[in-house]
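Student: I have a structure to go through with you. Shall we start with the charged side chains and then turn to the fold?

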Amino acid sequence: QVRLVESGGGLVPAGGSLRLTCAASEHPLSNYVAWFRQATGKERAFVGSISPRGGTTYPYSLKGRFTISRDDAKNMVYLQMNSLKPDDTAVYYCSAGDTNSAFEGGYKYWGQGTQVTVSS
């Protein structure tokens with residue numbers, strides 16, 4: 001069973017930055033890795049993904065503010081978030097799977113999530 005653990009969440013003022021880390025227990029990083037987020041009372045939403053070769057996909061609304069990178073030697077994937085807004089407040093999850101998808105069903109492995117709160 002592959003285990004993914006997110007870290008780096010916290011409280012940040014609007015306009016600030018955070019970097020989230022997804023650490024894998026084994027070697028799923030040969031797979032696609034994606035970040036999703038879920039705000040209170042809302043459905044889980046796609047934040048972006050990175051392919052095994054490092055190609056990235058983002059929803060249009062987050063392009064330019066969020067960046068995903070990976071370090072396969074360390075089995076880690078990062079989500080750099082800049083110019084944060086209160087609307088970015090959510091629990092952020094990383095996931096891994098065999099396909100590049102913007103939908104939850106495309107990913108087999110999930111972390112427990114890390115809370116990001118952006119104050120106004």
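Student: Which residues are linked in a network of salt bridges?

Tutor: This is a predicted model. The side chains of Arg 37 and Asp 88 meet in a salt bridge, 2.8 Å from N to O. Arg 65 also forms a salt bridge with Asp 88, with the closest N and O atoms 2.8 Å apart. The network therefore links Arg 37, Arg 65 and Asp 88.

Student: How many residues apart are Arg 37 and Asp 88?

Tutor: Arg 37 sits in strand β4, residues 32-38. Asp 88 lies in the loop between β8 (76-81) and β9 (90-97). The pair links distant parts of the chain, and the separation is 51 residues.

Student: Is Asp 88 buried or exposed?

Tutor: Buried means under 20% relative accessible area. Asp 88 has 2%. Because that value falls under the cut-off, Asp 88 is buried.

Student: And where is Arg 65 in the chain?

Tutor: Arg 65 and Asp 88 are 23 residues apart, and the pair links distant parts of the chain. At 13% relative accessibility, Arg 65 counts as buried. Its place is the loop between β6 (56-57) and β7 (66-71).

Student: Which residue forms a salt bridge with Asp 72?

Tutor: The closest N and O atoms of this pair are 2.9 Å apart. Asp 72 is partly exposed, at 37% relative accessibility.

Student: How many residues does the largest nonpolar core have?

Tutor: In soluble globular proteins, nonpolar side chains tend to be buried together. Here, the residues with the most contacts inside the core are Leu 4, Trp 35, Phe 66, Leu 79, Met 81 and Tyr 92. Strands β3, β4, β5, β7, β8, β9 and β11 each supply at least two residues of the core. The core has 27 residues.

Student: What does Leu 79 touch, setting aside residues up to four places away in sequence?

Tutor: Its partners include Leu 18, Leu 20, Val 47 and Ile 68. Arg 19 and Thr 67 are also among them.

Student: How many helices and strands does the protein chain have?

Tutor: From the N terminus on, the elements run β-β-β-β-β-β-β-β-β-β-β. The count is zero helices and eleven strands.

Student: What is the radius of gyration of the protein chain?

Tutor: The globule rule gives 14 Å for 120 residues. The value for this chain is close to that, so the chain is as compact as a globular protein of that length. The radius of gyration is 13 Å.

Definitions and conventions. Residues are numbered from 1 along each chain as its sequence is written. This is a predicted model: local features need pLDDT of at least 70, side-chain atom pairs count only at pLDDT 80 or more; totals for chains, interfaces and linings use all residues. Side-chain values use heavy atoms; hydrogens and water are left out. A salt bridge is a side-chain nitrogen of Lys or Arg within 4 Å of a carboxyl oxygen of Asp or Glu. Helices (H or I, at least four residues) and strands (E, at least two) are DSSP runs, numbered from the N terminus. Buried means under 20% relative accessible area, exposed over 50%, partly exposed in between (1.4 Å probe, protein chains only). A nonpolar core is a set of buried Ala, Val, Leu, Ile, Met, Phe, Trp, Tyr and Cys residues joined through side-chain atoms within 4.5 Å. Contact means heavy atoms within 4.5 Å. The radius of gyration is taken over C-alpha atoms; the globule rule is 2.2 Å times the number of residues to the power 0.38.
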